[in-house]
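This briefing accompanies the sequence and structure shown below. The notes that follow are grouped by topic.

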Amino acid sequence: MPYAQNAPIFGKQMLTTFSEIDLNGIKGVLLDLDDTLYPYDICHNFAYEKCKVFAGANYAISEVDFDLTWKAARSKVHNDLHGQGASHSRLLYFQKQYEQVFGHTDAAYVLKMEDLYWTEFISVMKIDSDAKDFLKLLKSKRIPSCIVTDLTTQIQLKKWLHLGLENYIDFIVTSEEAGVEKPASYIFNMGLEKLKLNPSDVIMIGDSEKKDIEGAKLLGIKTYHIKANSTFYKTQQ
Ligand SMILES: [Mg+2]
């Protein structure tokens, strides 16, 4: 077997693939969403550029100012709301961005940009083909599954619908719902509660060593470190 599960490789768990997952004796599966079932960066970069162009054309925010104020706003929100789902809120990023540029709040800008960002983001989202095959396999084996994800529930549910996850996955837990983010045990335990299973019954699949792999291992859950295949994704555009 080329990739032994949980084998320490220079202190890290090697990336593996969906086809290498061993489902023998597994009663349920916990899955990360972003960058595990679809490639995140392609979608973010596409949406970000659309927002930058819109802000330039309609609010005269230069590309340099857009980049600088986005980074500062994102950093501020991350720090203020560390460990909470809202720390990723684009609504808050755009609010603080505008306030930095113009010195006051503009509700129309914030709401428009947040909607534009996620609309463009979701418009290019595609599920990793290996991930989809794996979800079909779970369904055929009647193994229940739960997404465990860091972000606000509304946007994760929109992604869920766009990717057609309702056909394969039984539950979702978001960090907004849990009040904490991965790697905190509470969010994984909430997923286990929904599945009515114990840590030894399930596996956790995710792209983040720190959040998904280390978090699940704290509870004794067997883990698979998998990142969505963006190379394949690009060829399908
Ligand atoms: Mg992820």
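Ala60 of this predicted model lies in the loop between helix 1 and helix 2 (63–80). Ala60 is not a glycine, yet its phi is positive, at about 55°. With a relative accessible area of 69%, Ala60 is exposed.

**Backbone exceptions**

- Most residues other than glycine have a negative phi, and most peptide bonds are trans.
- Arg142, also not a glycine, has a positive phi of about 55°.
- The loop that holds Arg142 runs between helix 5 (129–140) and strand 4, and Arg142 counts as exposed at 76% relative accessibility.
- A cis peptide bond, with omega near 15°, leads from Lys182 to Pro183.
- Pro183 is found in the loop between helix 7 (175–178) and helix 8.

**Helix 1**

- Helix 1 (40–59) has 20 residues and reaches 27 Å from its first C-alpha to its last, close to the 28 Å expected at 1.5 Å a residue.
- Its buried residues are Tyr40, Cys43, His44, Ala47, Tyr48, Cys51, Lys52 and Ala55.
- Seen down the axis of helix 1, these buried residues fall within an arc of 160°, so they line one face of the helix.
- An α-helix has 3.6 residues a turn, so residues three or four places apart point the same way.
- Val53 and Ala57 are exposed residues on the face of helix 1 turned away from its buried side.
- Ala60, with its positive phi near 55°, follows helix 1.

**The sheet and the helices across it**

- Five strands form an open sheet in the order 5-4-3-6-7, with parallel pairing.
- At the edges are strand 5 (171–174) and strand 7 (222–225), each of which pairs on one side only.
- From one strand to the next, the twist averages 20°.
- Strand 6 (residues 202–206) runs parallel to strand 7 and is joined to it by 4 bridges; Met204 has Thr223 in strand 7 as its bridge partner.
- Helix 8 (residues 185–195) lies across strand 3 (28–31), strand 4 (145–149), strand 5 and strand 6, and runs at about 160° to strand 5.
- Helix 9 (residues 209–218) lies across strand 6 and strand 7, at about 165° to strand 7.

**Leu31 in strand 3**

- Leu31 has its place in strand 3 and counts as buried, at 0% relative accessibility.
- Not counting residues up to four places away in sequence, the residues that Leu31 touches include Ile147 and Val148, as well as Met204 and Ile205.
- Other residues touched by Leu31 include Leu37, Phe134, Leu135 and Ile169.
- The C-alpha atoms of Leu31 and Thr105 are separated by 38 Å, the two residues being 74 residues apart along the chain.

**The magnesium site**

- Asp32 (OD), Asp34 (O) and Asp207 (OD) coordinate the magnesium ion at 2.1 to 2.2 Å.
- The sequence spacing of these donor residues is D-x1-D-x172-D.
- Asp34 lies in the loop between strand 3 and helix 1, and Asp207 in the loop between strand 6 and helix 9, so the pair ties together parts that are 173 residues apart in sequence.
- Asp34 counts as buried, because its relative accessibility is 13% and the cut-off for burial is under 20%.
- Ser208 lies in the loop between strand 6 and helix 9 and is buried, with a relative accessible area of 18%.
- Leaving aside neighbours within four places in sequence, Ser208 is in contact with Ile213 and His225.

Terms used. Residues are numbered from 1 along each chain as its sequence is written. This is a predicted model: local features need pLDDT of at least 70, side-chain atom pairs count only at pLDDT 80 or more; totals for chains, interfaces and linings use all residues. Side-chain values use heavy atoms; hydrogens and water are left out. Two strands pair if DSSP finds at least two bridges between them. Helices (H or I, at least four residues) and strands (E, at least two) are DSSP runs, numbered from the N terminus. Axes are lines fitted to C-alpha atoms, for helices over the stretch in contact, and angles run from 0 to 180 degrees between N-to-C directions. Contact means heavy atoms within 4.5 Å. Donors are N, O and S atoms within 2.8 Å of the metal (3.2 Å for Na, K and Ca); water is not among the atoms, so sites may look incomplete. Buried means under 20% relative accessible area, exposed over 50%, partly exposed in between (1.4 Å probe, protein chains only). The expected span of a helix is 1.5 Å times one less than its number of residues. The arc is that of the directions from the helix axis to the C-beta atoms.
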